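Subject: Handover of a structure and the findings on it

Dear colleague,

Please find the structure below, followed by an account of what was found in it. I would be grateful if you would read the two side by side.

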Amino acid sequence: MLAYTVRRILVSIPVLIVSTFIVFLVVINSGDPVANFATSRQPAPSKAAVAAFARHIHANQPVMERYWNWITGVLHGDFGPSVQANLNIGHDLFTRFKVTITLVAAAMILALIMAVVFGVFSAIRQYSAADYTITFFGFLFLAMPVFWFAVLLKQAGIWFNEKTGSQFLGTIGEKSPYLEVDTTWNQFTDHVGHLILPTITLALVSFASWTRYTRASMLEVLNSDYVRLARAKGLRRGKVMTRHALRTALIPLATVTALDIAIILGGAVITETIFQWHGMGEMLVQAATTLDVYRTMAWLLLSAVVVIGFNLVADLLYAVLDPRIRYD
Amino acid sequence: MTDIEAPGSAGTQLPPGEREFTVRQRTQTQLVLRRFVRHRAAMVSLVVFVLILLWAFIGPHLWHYSYEKYTEDNSKPPSWKHPFGTNSSGYDAYAQVMRGTQTSLKIAIMIALGSTLVGAIWGAIAGFYRGIVDAVMMRIADLVLTLPLFAIALVISSRTGGSWYWIAIVIAGLTWAYVARVVRSSVLSLREKEFIEAARALGASDVRIIFRHLLPNALGPIIVNATILVATGILTETALSFLGFGVQPPDTSLGLLVSQAQTAVDTRPWLFYIPGAFIIAIALTINFIGDGLRDAFDPRQQRVRQ
């Protein structure tokens, strides 16, 4: 399994290089930060200042050289210059990643738990009223735009705070300002309070489709011979469900979860914008509006690494879930 | 595509017992249509979707307010004069929602058509020639699939300006690879069938085989995927427009309308809920139509329905 993991990581390196190169071409060709710098400032900068700016953000280098300098720089921990003066992209990315990872992890755990619980329940009680209700809400959430739901939840949070006279459900930012001086317990509850609404928002992005997958794969497994055999030889229903059926049924879910991580990162951009978090979402939006090539690339590189990492974890999970699968 | 009358229905000489077991022969298209029509949720959804479509594209010509003209009423709740109310600058929300629905649908349909066209041809060629052509073409498609759709669309459309066709092109440029994958897999099995061998024996060219034999037979998965892409397209476009990277004012889209109304959920709720409800209605009906089509094209996969 270790050899397999190492091989997979080695294979993903060329993929990462080619895909970042394509993205690099797209990003540097879809906007001109130098022209933006020359026209958008008041008073208009001098020719020399514009040239210095172009040199500073490497805009005067040939594409191949520029890409090479960037990718080798990244390996040394240098993510390249930002269009904003005094902004260290690597430091910025690291700080924001810590903020976003909390949200993404919490949302994924919540979505997975809900998907397994509702999906399995729906499959066991196929065609019952509960199954139809879950299916209906599944379709509804599949069709619901994240941003619309997020604004609605934010309003509900404000209403809840007003009714209870508390500040528990944070609707702005990932934590309250000036919190560093407070006790650890208060810091903790404050973080949790700010996390609840964005987590629910982001979880609902994937919960609906994951429930459908769990239901479908669970139904398939429940109708299989080995589950029938396990029941026929007298094992208890609950035991058959958890030990025999659920483990196999989770395999497609592991695949879909890994594939959907890019969608979740996209959803995080929207969620963070609405709840005004200072995470990676804000970073991407700012980088896109300021035509900041290296800041955009830092975001996309990190998300590519996360996507590749998740796919690897999913592949390794197959072996854990299904003993028939062995890697060597 | 005329019906071939089986002897039982036309012949009066046959004994009644034999008539019982003869069935009218139906073409593939008729079978699919019949199965689709019997899918209740899909049929209702189709009717609702077509009504929304007609309303959004014909409605603006009949309605007496324009989406870009101020009216004398500010922040009025829904009434007979303004069925969806007005916003704080006096725009008639009914006209705006109509225009927004039109723009969003236009973009979503363009995305579905564009990426289906490119993806289907790409996948068919890759699956038909196999070998090195397939390997190269599918690696390119895989590469596109690894790009995070929303993030890339956001980065590119922040630089291309807010015209609706650019948004459609950018999103379609990232979604065609899904179609290519699906079409390739069905072409891979189709190309081994006898009718392809027959066509080749008759001297049909590669182009003819791909466009006349392979693609029409892969139509089922292509159409199902196209409907899913309409739903993906509308949700992506509205999200981009919501963040300010999609459709720009004075033009409007459902996402932009929700974005402009997000501070007014309490004070002017009609501005927020109505465009949102339209997005949900469109995506929901499209999903049901896709579901019905999937069942109609592939009865083996059908979830048991009476």
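How are helix 7 of chain A and helix 8 of chain A oriented relative to each other? They are roughly antiparallel, where angles under 35 degrees count as roughly parallel, over 145 as roughly antiparallel, 65 to 115 as roughly perpendicular and the rest as oblique.

Some conventions come before the details. The model is predicted, and local features need pLDDT of at least 70, side-chain atom pairs count only at pLDDT 80 or more, and totals for chains, interfaces and linings use all residues. Residues are numbered from 1 along each chain as its sequence is written, while chains are lettered from A and ligands numbered from 1 in the order in which they are written. Helices are DSSP runs (H or I, at least four residues), numbered from the N terminus.

Helix 7 of chain A and its two partners

The angle between helix 7 of chain A and helix 8 (residues 184-222) of chain A is about 155°, and their axes are 10 Å apart. Axes are lines fitted to C-alpha atoms, for helices over the stretch in contact, and angles run from 0 to 180 degrees between N-to-C directions. The crossing of these two helices is right-handed, meaning that the near helix is turned clockwise from the far one by less than a right angle. Helix 7 of chain A contributes V146(A), F149(A), A150(A), L153(A), K154(A) and G157(A) to the contact, and helix 8 of chain A contributes L197(A), I200(A), T201(A), L204(A) and V205(A). Two residues are in contact if their C-beta atoms, placed from the backbone, lie within 7 Å. By class, this contact has eight nonpolar, two polar and one charged; Ala, Val, Leu, Ile, Met, Phe, Trp, Tyr, Cys and Pro count as nonpolar, Asp, Glu, Lys and Arg as charged, and the others, Gly among them, as polar.

Helix 7 (residues 146-164) of chain A also packs with helix 10 (residues 237-274) of chain A, at an angle of about 30° and with the axes 10 Å apart. The two are therefore roughly parallel. Their crossing is right-handed. Among the residues in this contact are F147(A) and K154(A) of helix 7 of chain A, and G267(A) and I274(A) of helix 10 of chain A.

I274(A) lies in helix 10 of chain A and counts as buried, with 25 C-beta neighbours inside 10 Å. The cut-offs are 20 or more other C-beta atoms within 10 Å for buried, 12 or fewer for exposed, and partly exposed in between. Beyond four places in sequence, I274(A) is in contact with F147(A), A150(A), V151(A) and K154(A).

Core and interface

F147(A) also touches residues of chain B, including A239(B), F242(B) and V258(B). F147(A) is one of the residues with the most contacts inside the largest nonpolar core, which has 165 residues. Such a core is a set of buried Ala, Val, Leu, Ile, Met, Phe, Trp, Tyr and Cys residues joined through C-beta atoms within 7 Å. Helix 5 (residues 93-129) of chain B gives the largest share of this core, 17 residues.

At the interface, 29 residues of chain B are in contact with 35 residues of chain A. On the side of chain B, helix 7 of chain B gives the most, with nine residues.

Q276(A) has a phi near 55°, a positive value in a residue other than glycine, and is partly exposed. L291(A) also has a phi near 55°, but is buried.

Yours sincerely
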